[in-house]
Amino acid sequence: MSQQTIDFTLNGVPTRVSVPVQMSALEMIRNVTGLTGTKYGCGEGECGACTILLDGVSLNSCLLFAVECDGRQVTTVEGLADDPLGRKIEKAFVDAGAVQCGFCTPGMVMQTRQLLEKNPHPSRCEIQRGIEGNLCRCTGYVKIVDAIEAASKE
Amino acid sequence: MPETIQRDSLIGKRITKLDAPEKAGGKTRYIQDLDVQGQLYGKILRSARVHARIKSIDTAAAKALPGVHAVITAADVPYQRPIGVAKDHFPLKTDRVRSLRDEIAAVAAETEAIAEAALKLIKVEYEDLPVLADPNDSLKPDAPLIHPEPHGATAKHDHLKQAQGIAYRGKPDNIAMTFDYAQGDVAAGERESDVVFEDTFHLHYVTHCCMGVSGIIAEFDPSGNLLMYSNTQVPFLHKREFAEILNMDPARIRIIQPPIGGGFGSKLDIYPFEPITVFLAKATGRPVKLVFTREEEFLASPTRQPVILTLRSGCRKDGTLTFRTVSTLHDNGAYTSWGATTPFVMMQTISSLYRVPHCLYHTKAVYTNNPYAGSFRGYGNLQATFAVEQHMDMMAAAIGMDPLAFRLKNAQDSGEVTPQGMHFKSCGFKECLSTAAEASGFLAKFKANEADKAKPGRFKRGVGMASMLHVGGGAKIYPSDGCGTILKMDDFGSVTLITGASEIGQGSETVLAQLVCEELGVPLSAVRVINNDTEITPWDVGVHASRTTFIAGNSAIGAAKKARGKILDAAAKMAGLDAADLDLRAGHIVEAKNGTVVMTLAKLLRQLHFSDKAELVVTSFYYEPPSKHQDKHFKGDVSAAYAWATQVVEVEVDTDTGIVRLLKVTGAHDVGRILNRLGLEGQIEGGIVMGQGYALTEELMVENGVVRNPGFRDYKLVTAPEIPEMDVRFIETMDGEGPQGAKGVGEAPAICIAAATANAIHNATGVRIMALPFTPEKVYRALKAKDQHH
């Protein structure tokens, strides 16, 4: 198995790791850099629990090779602690009751971060479309949509 | 310090979940996120055949792979004991495999990748056996038997257990479990009937799809005690069961539950991967972590039980129900888990949702080579309600009554004791019916849709209703339905609530903290809840049956009341006042009549700490009011309180494609009393969407024992754009036994949706579909079949 050394910025921190070429970005984030906020839900890009931002664009980290992060900006849910919009979204999720078991929540929060960056004042319908790639089994999505709407209005 | 404080209450408010901030920040560490120093990774080799004899297993190459610490098969764990409700399988299969999920061997290795590579090196020789894939075939005389003989060599070593468990004695037929119930005389009921219907309903396979996949870490501590980090919903029952399976002293087993990424009933039984991980830890002397892949989760975690249900029911012209006769066939799968016992709940709906004088209920769960069924939110009630509520609409139409009036005529009232023996001390059923009907404009829409049905047009609107009855005050399933509480107060005025009740995301820790605040007059921020370690928390039967708020809530209130008494007595003595004139508000001791502050709670508690009366730890236990269990004929009460709900569903049917869209759900729920409005709404909304998936999109496709769609790509969960508009109303009946008047609600919202959707499709199109799910193909075919009749 060949290894490759890559340099990238992880939540603002210059990071160098050596990873097997076939490793997913999700596995690298969780097992190599030790940030566990990004979740494994399905491993095939269907559930959105592993959503991260790559150069500011949200994507499923399970479908991305770790080596593709080389030279780029990676943001995980942990990185939102330093981001005013991210903190606002997290607070809105708490206040709206959008969190139950919480397993989908980091992915939802990351997807919301991208959605509100692109469209700061989305309609409820646009919010629902915006998170259609993120599955939640607990909430029925209503309070998640409420949360995103609230975050967009503050 | 304020001079006066008025009484305030958190009850009924929108209280945010205590654990939400850490979860929203991605800081919560689920089982997947935990690592123990020195841990190895476990993987399981599952059967490649649906039904076969295992002729040989060759693990030599796997054992030789660098980084592999252990490869085990049944032969390596002669001490293993059978698991499951009927003790009908060993964690590692011995002589044969009976379904595709069956566990043949397991590996512990230094990395997951090495463990996976090792699995591929294990060679298994099979001798195929005939596959039994259709439960209708299970009872035929020439059907292959699933458990014809004791399960292999392991059994022979265990003489003591010969009598117990199908794994030890085999089963000469394929009947896993039967339930029979009778009340009155159905033949007499039928003679009194003006209208009789008989239909067969087909309920399909679905599965829980918890967003967090299954996982466990098992390790033996330096003194040989077993520690498991587990997602179980029933830690104390599991402690006992693991002790049996592993032949260990239960006192040497400790279970810690990290935050759980979804439960919904999926974690009520022990599944083979859990003891297998313990075997690996034992074999290697190292901690072992085993986490499923999503595919494995689909293949090897439980399902809701598929049911074929034949219902015969009748009524008089005046709308009085006369009788019901039900027979069901449950596809048990290859092994028996809780799915087989769901008739216990189904019969409650059949006998007691409405007043029915005569009832007969026979049910059989039969073995097949399919995936085996566990417990899933609603526990059989979705299936029973699907049939009962469709017949209610059909009978109403046949006698020319509207669906609402027909239901109101037969609905239960407070105070009723049903022929089965269920006692409805608080019952808001009729109010649920009328509230949901009024809020949704049911009757006007129902009649307008009826009139529009025959008119041309591609899109048809329909409205349908269904109601449900479910346990809401615990469930007398086990010998005890209790929960214990330990409550501690420190000298800063903070409270630690140590409860047996598990949090699975539903918000129990927040509700329990609220109930404590109500008694002790402390802010929510002053309460810590400890609920996840069997070594610390008192006993609880588990998180199931919508029981936690009711049972654990009453237990927490009991402890808080004791602490309140101690505090007020001490304060009264100190201040020279009467305890009865004092109250606790916002962290202060005040005079009850005018709120004048006497002292801060923290100050009083500190003073108590410096005296010899500092017993600021109290314990309490709640077991629902002493009452008898049901007798062996299933007569008797099963819960201290019952939850009621009516849901009205509005659909649009595209008659060109068969696509059914859920437009709106109006729900009215008798919840006893609202404790946390935010959490309650979340339970209802989530349940509605889970019910929507059951009705419209979800199906685990099992063909000849093979799961065809083990992934979210092909197993279709409802996504955000597809959810209906929701209007949820709460009926507060203030249950006399409930904590602050509340009743259980967790399962209720998922129960009615499929039945109400069936009725709505009929209202829209005149087509009645008695099989789930309502996929476009099924609806399209039903519409075409109707067209051909005309």
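This report describes the two chains of a predicted model, their interface and several local features.

Residues are numbered from 1 along each chain as its sequence is written, while chains are lettered from A and ligands numbered from 1 in the order in which they are written. Because the model is predicted, local features need pLDDT of at least 70 and side-chain atom pairs count only at pLDDT 80 or more, whereas totals for chains, interfaces and linings use all residues.

**The two chains**

Helices (H or I, at least four residues) and strands (E, at least two) are DSSP runs, numbered from the N terminus. A residue is buried if 20 or more other C-beta atoms lie within 10 Å of its own, exposed if 12 or fewer, and partly exposed in between, with C-beta atoms placed from the backbone. The table sets out the values by chain.

| Chain | Secondary structure | Span along principal axes | Buried residues |
|---|---|---|---|
| Chain A | five helices and five strands | about 45 × 30 × 20 Å | 58% of 154 residues |
| Chain B | 21 helices and 30 strands | roughly 85 × 75 × 50 Å | 59% of 790 residues |

The radius of gyration is taken over C-alpha atoms, and the globule rule is 2.2 Å times the number of residues to the power 0.38. For the 154 residues of chain A, a compact globule would have a radius near 15 Å, and chain A agrees with its 15 Å. For the 790 residues of chain B, the corresponding value is near 28 Å, and chain B agrees with its 28 Å.

Two residues are in contact if their C-beta atoms, placed from the backbone, lie within 7 Å. Among contacts between residues at least 6 apart in sequence, 59% in chain A join residues at least 24 apart. In chain B, the share of such contacts that join residues at least 24 apart is 81%.

**Domains of chain A**

From the N terminus on, the elements of chain A run β-β-α-β-β-β-α-α-α-α. Domain bounds come from an automatic or database domain assignment; for chain A this assignment gives domain 1 (3–77) and domain 2 (83–153). Contacts between them involve 13 residues of domain 1 of chain A and twelve residues of domain 2 of chain A. On the side of domain 1 that touches domain 2, strand S3 (51–54) and strand S4 (57–60) of chain A each supply at least two residues. S3(A) gives the most to this side, with three residues. Ala, Val, Leu, Ile, Met, Phe, Trp, Tyr, Cys and Pro count as nonpolar, Asp, Glu, Lys and Arg as charged, and the others, Gly among them, as polar. By these classes, the side of domain 1 that touches domain 2 has seven nonpolar, five polar and one charged residues.

**The interface between chains A and B**

At the interface, 40 residues of chain A are in contact with 45 residues of chain B. The elements giving two or more residues to the chain A side are helix H2 (84–96), helix H3 (105–118), helix H4 (124–130) and helix H5 (142–153) of chain A. The largest share of this side, four residues, comes from H2(A). By class, the chain A side has 20 nonpolar, eleven polar and nine charged residues.

**Local features of chain B**

Two strands pair if DSSP finds at least two bridges between them. An open sheet of three strands in chain B has the order S4-S2-S6, with antiparallel pairing. Its edge strands are S4 (96–97) and S6 (123–128) of chain B, each of which pairs on one side only. Strand S2 (residues 52–58) of chain B is joined to S4(B) by two bridges, and Ala52(B) has Val97(B) as its bridge partner in S4(B).

Ala62(B) lies in helix H2 (residues 60–64) of chain B. This residue is buried because 23 other C-beta atoms lie within 10 Å. Beyond its neighbours within four places in sequence, Ala62(B) is in contact with residues including Val68(B), Val107(B) and Leu121(B).

Pro148(B) is placed in the loop between S6 and helix H4 (153–156) of chain B. It counts as partly exposed because it has 13 C-beta neighbours inside 10 Å. Pro148(B) and Pro172(B) are 24 residues apart in sequence and 5.5 Å apart in space, C-alpha to C-alpha.

In helix H14 (residues 442–452) of chain B, Phe442(B), Phe446(B) and Asn449(B) are buried. They cover an arc, that of the directions from the helix axis to the C-beta atoms, of only 70° around the axis, so they lie on the same side of H14(B). Ala444(B) and Ala451(B) are exposed on the other side of H14(B). The elements covering the buried residues include helix H12 (403–410), strand S18 (459–471) and helix H20 (753–765) of chain B.
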